[in-house]
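Here's a structure to get to know. Take a look at the sequence and the fold, then read on for a short tour.

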Amino acid sequence: MDVKELFDLTGKVAVVTGGAGGIGEVYAEALCDVGACVVIADVNIDAAQHTADTLEGKGFQAVAVHLDVTSADSAAQMASATTEAFGGIDILINNAAVMTNLPPYGLSNMPVPDWDRVLNVNLRGPLLCTQAVVESMTERGGGRIVNGLSAGGFMPGGIYGVSKYALHGLTCNLAAELGGRGINVNGIAPGLVDNESGYVSLPKDSPFREILGAQIPGKTSGPPADLIGTMLLLCSPAGEWINGQTISVDGGWIMRL
């Protein structure tokens, strides 16, 4: 295979949940850049439409679809709309997550509704979206699912960390279950991301951010664009042999021996 073909996604169809902004928007454009048709699936349909229109204005193929990841019906409708628009589904990026406006409680005194709100988006959402696309991927001979994790899932990090560590477990189990169908399931665990969502959860001028940075042996933080290479690896022919893995992109912050 020609090296350029290793990352070529021409003719592939990708769904990016939470694709209207932030990391999801960056992923969506990168997928378009290497030839994929992209569905911007987001609970904010106006923002999703704006992102899709922007991509189309650059000459790419993109559509916006409303998606509430906590609803099985909504996930099924997303899959149907994607198939209607582009013929099927090859790639699912489970990017949508609750990262800001987290419950202001410790786990020992967290009200159950607050626990459910975070887990419903961060764990139930990727499961429901995966269930919605598996049939189409199987019919097309396989596919790629990439789950958005976090370095915070591999250290004590409250409800957000719990949800992301649970997503790591879901990733491994789905990889074992779906690998025989040619569907690879992997995760990306970013470290300190330099974007608005990251600064909301940990302000740019926070002393704690500096303390955390001092614990990282390599590059301490980076923009969402720094995640593109890993995402494309996991979605493209270059990553065909990678399954059931969570790849940390964090400068060596988390090292799992």
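## Strands, crossovers and a helix

Strand E4 (residues 91–94), helix H4 (residues 112–139) and strand E5 form a right-handed β-α-β unit; right-handed means that, with the strands pointing away from the viewer, the path from the first strand over the helix to the second runs clockwise. Helices (H or I, at least four residues) and strands (E, at least two) are DSSP runs, numbered from the N terminus. This is a predicted model, where local features need pLDDT of at least 70, side-chain atom pairs count only at pLDDT 80 or more, and totals for chains, interfaces and linings use all residues. Residues are numbered from 1 along each chain as its sequence is written, and side-chain values use heavy atoms, leaving out hydrogens and water.

E5 also belongs to another right-handed β-α-β unit, with helix H5 (residues 158–178) and strand E6.

| Pair | Bridges | Direction |
|---|---|---|
| E4 (residues 91–94) and E5 | four bridges | parallel |
| E5 and E6 (residues 183–190) | six bridges | parallel |

Leu92 sits opposite Ile145 of E5, while Arg144 has Asn184 in E6 as its bridge partner.

Now for helix H2: its buried residues include Ala48, Thr51, Ala52 and Leu55. Asp46, His50 and Gly57 are exposed (over 50%) on the face turned away from that buried side. After H2 comes Gly59, with a positive phi near 95°.

Notes:
Buried < 20%, exposed > 50% of the residue type's maximum accessible area, 1.4 Å probe, protein only. Pairing = 2+ DSSP bridges.
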